Amino acid sequence: MKQRIFSGIIAIMIVITGMGVVNTYSNASTLDSDWTATLSTSDSSYKSIGTRIKDDYSYIYVYWSSKTSNLSALNAKVYGLYVQAGGEFECGSNNVGTQHTYLLSSTKQYSLTNYVKENGFALARVKIRSNAGSGIASGKWSPDSYGLYTILK
């Protein structure tokens, strides 16, 4: 009987203190996806680096990890999309459809401020183009981020 009471007390303590619970901030939307794009200043169109489900109100994570040739800066835009309806809507500012461009000035990790989830969209898309130079850019991205990097607003 004493052993059952003791076991019960230990179980209650574990529940109260949270011991035995693995705390993880990672979910499917924070896992990184690879991207690669061939870019040139002579091409003014934006190229998608991916479209994924956005689960929370966090920054969008973009890691520009490598480049070739003289590519030295990128422009990026964030879009929100509905799962079942067509069309994409710019969500870099709190006003849907308002044009907003982020400047990725060098190869490093960025946190992009966005309003995808706040505006009711289920999917996030990031598009890039060359701001300076030409070459191949590559890296990783995720629609949700649990880290903080260079914050672009």
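Strands S3 and S7 run antiparallel and are joined by four bridges. In this predicted model, the two strands belong to an open sheet of five strands, ordered S1-S9-S3-S7-S10, with mixed pairing. Strand S3 spans residues 60-67, and strand S7 covers residues 109-112.

**Sheet edges and twist**
- Strand S1 (33-39) and strand S10 (150-152) are the edge strands; each has a single partner strand, so one side of each lacks a neighbour in the sheet.
- From one strand to the next, the twist averages 30°.

**Pairing of S3 on its two sides**
- Towards S7, Val 62 has Tyr 110 as its bridge partner.
- Towards strand S9 (residues 135-142), S3 also runs antiparallel, and six bridges join this pair.
- Within S9, Ala 137 is the bridge partner of Lys 67.

**Pairing of S7 with S10**
- Strand S7 and S10 pair in the parallel sense, over three bridges.
- Tyr 110 takes part here through a bridge to Thr 150 in S10; Tyr 110 is likewise the partner of Val 62.
- Strands of a sheet pair through backbone hydrogen bonds, in either the parallel or the antiparallel sense.

- Ser 69 lies in the loop that links strand S3 to strand S4 (73-81).
- The phi of Ser 69 is positive, at about 55°, although the residue is not a glycine.
- Ser 69 has a relative accessible area of 67% and is therefore exposed, the cut-off for that class being over 50%.

Conventions. Residues are numbered from 1 along each chain as its sequence is written. This is a predicted model: local features need pLDDT of at least 70, side-chain atom pairs count only at pLDDT 80 or more; totals for chains, interfaces and linings use all residues. Side-chain values use heavy atoms; hydrogens and water are left out. Buried means under 20% relative accessible area, exposed over 50%, partly exposed in between (1.4 Å probe, protein chains only). Two strands pair if DSSP finds at least two bridges between them. Axes are lines fitted to C-alpha atoms, for helices over the stretch in contact, and angles run from 0 to 180 degrees between N-to-C directions.
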